[in-house]
Amino acid sequence: MPSLRARVFGWFWSHPYLLLTFTALFWAGNSLVGRAARDVMPPVALAFWRWTLALALLLPFAWPHLRRDLVDLRNNWRWVLVLGTLGIGTFNTLLYTGLQATTAVNGLLLQSMQPVLILLLGAAVFREQVGLPQLAGIVLSISGALMIILGGNLSALVRFEFNSGDLVICVAVVVWSIYSVLLRKRPAVHPLSFLAATFVVGIAMISPFYIAEIASGRLIENRPESWLAISYVSLFPSLIAYLFFNRGVELLGSTATSLYLNIMPVIGALLAAVFLMEPIGWYHFIGMGLIGAGIVSAARKSGQAIARTYNSGPGS
């Protein structure tokens, strides 16, 4: 007879929406931790140690696949370099930098633009067809993002008054969307091989900026909060969420999985209000509604394109 632990794990492992709810929770926690730790953990340091420790945890499992896939990775080194730089090195560094100056609520809700941006970039780069529902989705999502960035104050648009953190996160969202669109160029290797290779590239890309951050005098404060922040982002959004996400795709398919994960900004915004005491204004709800309506409209004929939003979970 299987043990109670095995039965519980088997039950959990066979329920995709439960797995994906935890995935969304862990990825939302990434933004919350980046915001909460801003006074004790410089942004580049958090990104550097996140991926360094995640790589150390991943290597024992990825090593057999890496040895087998080394030739393919070397032959496709340009795409590994591009994808590792964008998805691992740049996105999270920009995200943590933006969270120094804006709220976790704003950061999470702005990330919900990713599905529609991927649709737009897919049309621009790979000539994917974009119909009227998709165009409407793009307009609605951008309108929702502007509502959040401007705090409901449309006159700020005329005066060009923007929160610098919001703008940095918008750049991060564009970077992640480009990464997601280009994922179709990834080499045909085992997912753990690809993940480990991009971790290495991302760490190498972040290293000079981390050295510059240290030289500027911004150091990690030796507090429990600092090490808890590093531990969380290295383990939960980087590895566990990725495993849960892959299992969700296996059970549901990529389209249903990615669309379900659009609950992440909503979960994260609510958690930020509870744990970080961040206010949620009327403009957040309007912006969230506009972005959600844009995703629904864009998904009417473009589910597979939108599905690529989350095809490489650890970048979140």
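This is a predicted model: local features need pLDDT of at least 70, side-chain atom pairs count only at pLDDT 80 or more; totals for chains, interfaces and linings use all residues.
Let me begin with N30, which counts as buried because its relative accessibility is 0%. N30 is located in helix 2, and its side chain makes a polar contact of 2.5 Å with the side chain of Y96.

I will stay with helix 2 and turn to its packing. Two packed helices are described by the angle between their axes and the distance between the axes. Helix 2 covers residues 16-36 and helix 5 covers residues 104-111; their axes come within 9 Å and cross at roughly 145 degrees. The crossing of helix 2 past helix 5 is right-handed. Which residues make the contact? From helix 2 they are A28, S31, L32 and R35, and from helix 5 they are A104, L108 and Q111.

I now move to the aromatic residues. A pair of aromatic rings is described by the distance of the centres and the angle of the planes. How many aromatic pairs are there? The count comes to 16 aromatic pairs. Let me take F26 and F236: their ring centres are 5.0 Å apart and their planes stand at 55 degrees, so this pair is tilted. Because F26 lies in helix 2 and F236 in helix 11, residues 224-252, the pair ties together parts that are 210 residues apart in sequence.

Are these two residues buried or exposed? F26 has a relative accessibility of 11% and therefore counts as buried, the cut-off being under 20%. F236, at 28%, counts as partly exposed, since that value falls between the 20% and 50% limits.

A further aromatic pair is formed by W27 and F245, with 6.0 Å centre to centre and 40 degrees between the planes, and it is tilted. This pair also links distant parts of the chain, with W27 in helix 2 and F245 in helix 11, 218 residues apart. Both W27 and F245 are buried.

Finally, I draw your attention to a cluster. Ring pairs join F9, F12, W13, F22, F26, Y232, F236 and F244 into a cluster.

To close, let me return to helix 2. It holds N30, whose side chain contacts that of Y96; it crosses helix 5 in a right-handed manner; and its residues F26 and W27 pair with F236 and F245 of helix 11.

Notes:
Residues are numbered from 1 along each chain as its sequence is written. Side-chain values use heavy atoms; hydrogens and water are left out. Axes are lines fitted to C-alpha atoms, for helices over the stretch in contact, and angles run from 0 to 180 degrees between N-to-C directions. Helices (H or I, at least four residues) and strands (E, at least two) are DSSP runs, numbered from the N terminus. A crossing is left-handed if the near helix is turned anticlockwise from the far one by less than a right angle, and right-handed if clockwise. Contact means heavy atoms within 4.5 Å. Buried means under 20% relative accessible area, exposed over 50%, partly exposed in between (1.4 Å probe, protein chains only). A polar contact is a pair of N or O atoms within 3.5 Å; within protein, one must be able to donate a hydrogen and the other to accept it, and residues adjacent in sequence count only if both atoms are side-chain atoms. Rings of Phe, Tyr and Trp (its six-membered ring) pair if their centres lie within 6.5 Å; planes under 30 degrees apart count as stacked, over 60 as edge-to-face and the rest as tilted.
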